[in-house]
Amino acid sequence: MTELKMAFMAADTPMAQAARSELMSMYDHVPVTEADVIVALGGDGYMLQAMHDSLALEKPVYGMNRGTVGFLMNAYEPNELPARLQAAEAVRLHPLEMKVVTEDGESAEAIAINEVSLFRETRQAAKIRIMIDGVERLPSLTCDGVIVSTPAGSTAYNLSAHGPIVPLGAGVLALTPISPFRPRRWRGALLPHSAKIEFEVLESKKRPVSAVADATEIRDVKRVTVMEDLERFASALFDAEHDLEERILKEQFTA
């Protein structure tokens, strides 16, 4: 079996950089543009960055944990890496596409693999109107913010905001409020992954809101549209005994 050509990428931390140096001394490696697989060394944040890069490169990413939590990462073990890559299982992660119009009328777009979040910018609570597929579902949500999460991102900020954990392949997105005040009992919704989610910021000058797609923040937004991009995907590789679907399932039984 032909060995996969590897490119090693690492976060800018001593532990990640040391791991990259170790792997480069052990294995042949090529530039990212020539690689069959990208080996990303760092934590979950760096893995997200690598998967964003892979959307354009159309190359799978195999992460090894040189960070803290490492939910999206495989264990760091430098030995037998080519065999691990050959045996790894691929997961396709479709990103969210965020389109915004700011208070000044400017348009912008960004991509999120985990989630798109809206946040209040000041001490004033945000007031947000929510439309799903052109139908008004909430005329006014008073809150600190609101999250649209993919299944892969449902165990991240979405879970911290008491949103549901969504299994891969469920075909749904999680819509979760952050500290809702009115309506007080609304705890969010599960939406078809084909849904078009539109947010209108009410009283936007008095109650400014920012929109964040993973690491990309756009401030003073007036309207935000979120849809899953079914045409593009990032491919992440996981060791068979630690696949992402199993991790998401286990997370639902963690005390």
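Trainee: What should I know before reading any value?

Mentor: This is a predicted model, with local features needing pLDDT of at least 70, side-chain atom pairs counting only at pLDDT 80 or more, and totals for chains, interfaces and linings using all residues. Residues are numbered from 1 along each chain as its sequence is written, and side-chain values use heavy atoms, with hydrogens and water left out.

Trainee: Why is Leu244 called buried?

Mentor: Buried means under 20% relative accessible area, exposed over 50%, partly exposed in between (1.4 Å probe, protein chains only). Leu244 has a relative accessible area of 0%, so the residue is buried.

Trainee: What makes a set of residues a nonpolar core?

Mentor: Buried Ala, Val, Leu, Ile, Met, Phe, Trp, Tyr and Cys residues, joined through side-chain atoms within 4.5 Å. The largest such core has 43 residues. Leu23, Val39, Met51, Leu81, Leu93 and Leu244 have the most contacts inside it. Helix 2 (residues 44–57) gives the most to this core, 6 residues. Helices (H or I, at least four residues) and strands (E, at least two) are DSSP runs, numbered from the N terminus.

Trainee: Which residues does Leu244 touch, leaving aside neighbours within four places in sequence?

Mentor: Phe71, Leu72, Val91, Leu93, Leu168 and Phe238. Contact means heavy atoms within 4.5 Å. Leu244 lies in helix 5. Its C-alpha atom is 9.5 Å from that of Ala90, 154 residues apart along the chain.

Trainee: What makes a space a pocket rather than a cavity?

Mentor: Both are sets of points on a 1 Å grid over the protein atoms alone. In a cavity a 1.4 Å probe fits but cannot get out; a pocket is an open set with protein on both sides within 12 Å along at least five of seven lines. Lining residues have an atom within 4 Å of a point. Grid points are joined across faces, edges and corners, and a volume is the space filled by probe spheres set on the points.

Trainee: What lines the largest pocket?

Mentor: The largest pocket holds about 310 Å³. Its lining has 21 residues, with Arg92, Leu93, Pro151, Leu168 and Gly169 closest to the centre. Strand 4 supplies the largest share, 5 residues. By class, the lining has 11 nonpolar, 5 polar and 5 charged residues. Here Ala, Val, Leu, Ile, Met, Phe, Trp, Tyr, Cys and Pro count as nonpolar, Asp, Glu, Lys and Arg as charged, and the others, Gly among them, as polar.

Trainee: Which residues lie nearest the centre of the second largest pocket?

Mentor: Gly45, Leu48, His52, Asp214 and Ala215, out of 13 lining residues. Its volume is about 190 Å³. Helix 2 gives the largest share of that lining, 4 residues.

Trainee: How do you know that Arg84 and Asp239 form a salt bridge?

Mentor: The rule asks for a side-chain nitrogen of Lys or Arg within 4 Å of a carboxyl oxygen of Asp or Glu. The closest N and O atoms of Arg84 and Asp239 are 2.8 Å apart, so the pair qualifies. Arg84 lies in helix 3 (residues 81–87) and Asp239 in the loop between strand 17 (234–238) and helix 5, so the pair ties together parts that are 155 residues apart in sequence. Arg84 is buried at 16%, and Asp239 is buried at 6%.

Trainee: What makes Arg129 and Glu200 partly exposed?

Mentor: Their relative accessible areas: 24% for Arg129 and 27% for Glu200. Their side chains meet in a salt bridge at 3.1 Å, N to O. By this rule the count comes to 9 salt bridges.

Trainee: What stands out in the phi of Asp214?

Mentor: Asp214 is not a glycine, yet its phi is positive, about 50°. Most residues other than glycine have a negative phi, and most peptide bonds are trans. Asp214 is buried, at 15%.

Trainee: Which residues does a cis peptide bond join?

Mentor: Arg182 and Pro183, with omega about -10°. Pro183 is in the loop between strand 11 and strand 12 (189–192).
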